[in-house]
Amino acid sequence: MSVAVDGPGFVALQVRDVEAAAAFCERHLGWRRSPSSPPHAVVFDTAPIPFAVRELFPDVDLADAARPGLGVVLWFRTPDAQQLHDRLAAAGVTILTPMAESPFGPMFSFEGPEGYRLTAHGG
């Protein structure tokens, strides 16, 4: 009998400045901190998968990374992608791809903490 992997159970971005990245997530995405986080990270009460920003692993150096996470695609569900798009744009957050239709509903990408490309989708 083989064991299968169900899917992601936890997602974290490694960042240079955990507090600044956490503040971005709180201010622009409306996320709330989980009551318990390890000392090197801030975990958010996101559902169905917990999300965190955390300190860099000792062998990770993002100093020369033009865009951290290159090759990884993170999509986040929202009840109203257009409203989120408009709010982020008004707040000066860089919109990387304009609103477009996708198999998951309206979507757009924006620059998240420390330059990570994040995509929001929803109806």
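**Entry 1: what covers H2**

I started with helix H2 and looked up what lies over its buried residues: the cover includes helix H1 (18-29), strand E5 (95-102), strand E6 (105-111) and strand E7 (117-121). A note to myself before going on: this is a predicted model.

Which residues of H2 are buried? I find Ala-81, Leu-84, His-85 and Leu-88. Looking down the axis of H2, I see these buried residues fall within an arc of 105 degrees, so they line one face of the helix. On the face turned away from that buried side I noted the exposed residues Gln-83 and Ala-90.

**Entry 2: His-85**

Next I picked out His-85, which sits in H2, the helix spanning residues 81-90. Buried or exposed? His-85 has 15% relative accessibility, and the cut-off for buried is under 20%, so His-85 counts as buried. Then I checked what His-85 touches, leaving out residues up to four places away in sequence: the contacts are Ile-95, Met-99 and Phe-108.

**Entry 3: the two ends of H2**

I looked at the start of H2 and found a side-chain oxygen of Asp-80 reaching to within 3.2 Å of the backbone nitrogen of Gln-82. Just after H2, I came to Gly-92, which takes a positive phi of about 90 degrees.

**Entry 4: the sheet**

I moved on to the strands. Four of them make an open sheet in the order E4-E7-E6-E5, and the pairing is mixed. The edge strands are E4 (74-77) and E5, each pairing on one side only. Ignoring direction, neighbouring strands of this sheet are turned by 20 degrees against each other on average.

How many bridges join E6 to E7? I get five, and the two strands run antiparallel. I also looked up Phe-108, one of the residues that His-85 touches; the bridge partner of Phe-108 in E7 is Ala-120.

**Entry 5: salt bridges**

I searched the whole structure for salt bridges and came away with four.

One of them joins Glu-114 to Arg-16, with the closest N and O atoms 3.3 Å apart. Where do the two partners lie? Glu-114 is in the loop between E6 and E7, and Arg-16 is in the loop between strand E1 (11-15) and H1, so the pair ties together parts that are 98 residues apart in sequence. I checked how open they are: Glu-114 counts as partly exposed at 24% relative accessibility, and Arg-16 is partly exposed too, with a relative accessible area of 48%.

Another one pairs Arg-67 with Glu-111, and here the closest N and O atoms are 3.7 Å apart. This pair also links distant parts of the chain: Arg-67 lies in the loop between strand E3 (51-55) and E4, while Glu-111 is in strand E6, 44 residues apart. Arg-67 has a relative accessible area of 25%, so I put it down as partly exposed. Glu-111 is at 29% relative accessibility, which makes it partly exposed as well.

I then wrote down the network: salt bridges that share partners join Glu-19, Glu-26 and Arg-33 into one. Within it, Glu-26 forms a salt bridge with Arg-33, their closest N and O atoms being 2.8 Å apart. Glu-26 comes out as partly exposed at 31% relative accessibility, and Arg-33 is partly exposed at 32%.

Technical notes
Residues numbered from 1 in each chain as written. Predicted model: local features only at pLDDT ≥ 70, side-chain atom pairs only at ≥ 80, totals over all residues. Heavy atoms only, no water. Helix = DSSP H or I, 4+ residues; strand = E, 2+ residues; numbered from the N terminus. Buried < 20%, exposed > 50% of the residue type's maximum accessible area, 1.4 Å probe, protein only. Contact = heavy atoms within 4.5 Å. Arc of directions from axis to C-beta. Polar contact = N/O pair within 3.5 Å; in protein donor to acceptor, adjacent residues only side chain to side chain. Pairing = 2+ DSSP bridges. Axes fitted to C-alpha atoms, helices over the stretch in contact; angles between N-to-C directions. Salt bridge = Lys/Arg side-chain N within 4 Å of Asp/Glu carboxyl O.
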